[in-house]
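I wanted a record of what I looked up in this model, entry by entry. The notes follow in the order I made them.

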Amino acid sequence: MEQFTDEYYMKEAIKEAKKAEGLLEVPIGAIIVMDGKIISRAHNLRETRQSAVAHAELLAIEQACKETGSWRLENAHLYVTLEPCAMCSGAIILSRVKRVVYGASDPKGGCAGTFMNLLQDERFNHQSEVTSGVLQAECGQLLTDFFRRLREQRKIVKKQHLQEITIDKD
């Protein structure tokens with residue numbers, strides 16, 4: 001069986017993040033690998049589904065459970081472009097994911113070591129191995145560019161709205 005690197009698998013997660021971006025979703029992608037094979041792929045769909053729980057990690061976990069026929073993903077490696085939040089970290093722990101590899105850190109909500117470290121908290125009955133910073137610059141740039149474009153679009157809309165108000169007053 002061919003062995004792939006963390007960078008290879010993170011590039012696959014980045015492909016998923018770009019799918020989210022194409023849907024005007026925050027560009028976060030995730031894949032799950034077992035025995036060197038990608039068994040699930042997902043990307044953020046919160047806006048599309050109008051669901052607070054449609055995070056890439058949760059969708060990938062759900063798909064992996066269906067693929068394996070088990071809620072236990074004990075030999076799974078999860079690759080995700082952004083550090084998992086508290087909700088996703090909880091699902092990772094509960095589904096017994098062996099290892100989490102993420103790209104960009106999330107100082108405001110990352111629960112794999114940045115803001116807090118739920119994934120390795122020994123008070124839980126399961127801990128995941130964590131590898132951080134894989135293709136960090138590329139993963140972070142996707143997010144930076146997305147939010148920059150979003151802010152620019154909002155400025156344009158606001159400016160147009162102000163112009164319409166001015167015209168209506170005349």
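I looked up D35 and found it in the loop between β1 and β2; helices (H or I, at least four residues) and strands (E, at least two) are DSSP runs, numbered from the N terminus. The model is predicted: local features need pLDDT of at least 70, side-chain atom pairs count only at pLDDT 80 or more, and totals for chains, interfaces and linings use all residues. Residues are numbered from 1 along each chain as its sequence is written, and side-chain values use heavy atoms, with hydrogens and water left out.

Phi of D35 is positive, near 50°, and D35 is not a glycine. D35 counts as exposed at 61% relative accessibility (buried means under 20% relative accessible area, exposed over 50%, partly exposed in between, with a 1.4 Å probe and protein chains only). I then checked L24, in the loop between α1 and β1. L24 is not a glycine either, and its phi is positive at about 65°. With a relative accessible area of 65%, L24 is exposed.

**R96.** R96 follows α4 and has a positive phi, near 65°. Leaving aside neighbours within four places in sequence, I listed W71, L73, E74, N125 and H126 as its contacts, contact meaning heavy atoms within 4.5 Å. W71 lies 25 residues from R96 in sequence, and their C-alpha atoms are 8.4 Å apart.

**The chain as a whole.** I counted five helices and five strands. Their order along the sequence is α-β-β-α-α-β-α-β-β-α. The C-alpha atoms fill a box of roughly 70 × 35 × 30 Å along the principal axes. The chain has 170 residues, of which 43% are buried. Of the contacts between residues at least 6 apart in sequence, 57% join residues at least 24 apart.

**Helix α3.** This helix runs over residues 56–68, 13 residues in total, and reaches 18 Å from its first C-alpha to its last. That is close to the expected 18 Å, the expected span being 1.5 Å times one less than the number of residues. The buried residues in α3 are A56, E57, L58, L59, A60, I61, A64 and C65. An α-helix has 3.6 residues a turn, so residues three or four places apart point the same way. The cover over the buried residues of α3 includes β1 (29–34), β2 (37–43), α2 (46–49), β3 (77–82) and α4 (86–94). G69 comes after α3, with a positive phi near 75°.

**Helix α4.** I noted C88, S89, A91, I92 and I93 as buried here. The buried residues of α4 pack against α3, β3 and β4 (99–104).

**E16 in helix α1.** E16 sits in α1, residues 6–22. I looked up its accessibility and got 2%, which counts as buried. Not counting residues up to four places away in sequence, E16 touches G29, A30, I31, R41, A42 and H43.

**Cysteines.** How many disulfides does the structure hold? I found zero, a disulfide being a pair of cysteine sulfur atoms within 2.5 Å. C65 is in none, and the nearest cysteine sulfur, that of C88, is 13 Å away. C65 is buried, with a relative accessible area of 19%. For C88, the closest cysteine sulfur is in C85, at 3.7 Å, which is too far for a bond. C88 is buried too, with a relative accessible area of 0%.

**Largest pocket.** I put its volume at about 540 Å³. Of its 23 lining residues, V26, I28, L82, D106 and L143 are the closest to the centre. A pocket is, on a 1 Å grid over the protein atoms alone, an open set of points where a 1.4 Å probe fits, with protein on both sides within 12 Å along at least five of seven lines; lining residues have an atom within 4 Å of a point. Grid points are joined across faces, edges and corners, and the volume is the space filled by probe spheres set on the points.

Which helix gives the most to the lining? It is α5, with six residues. The helices α2, α3 and α5 (136–169) each supply at least two residues. I sorted the lining into 12 nonpolar, five polar and six charged residues (Ala, Val, Leu, Ile, Met, Phe, Trp, Tyr, Cys and Pro count as nonpolar, Asp, Glu, Lys and Arg as charged, and the others, Gly among them, as polar).
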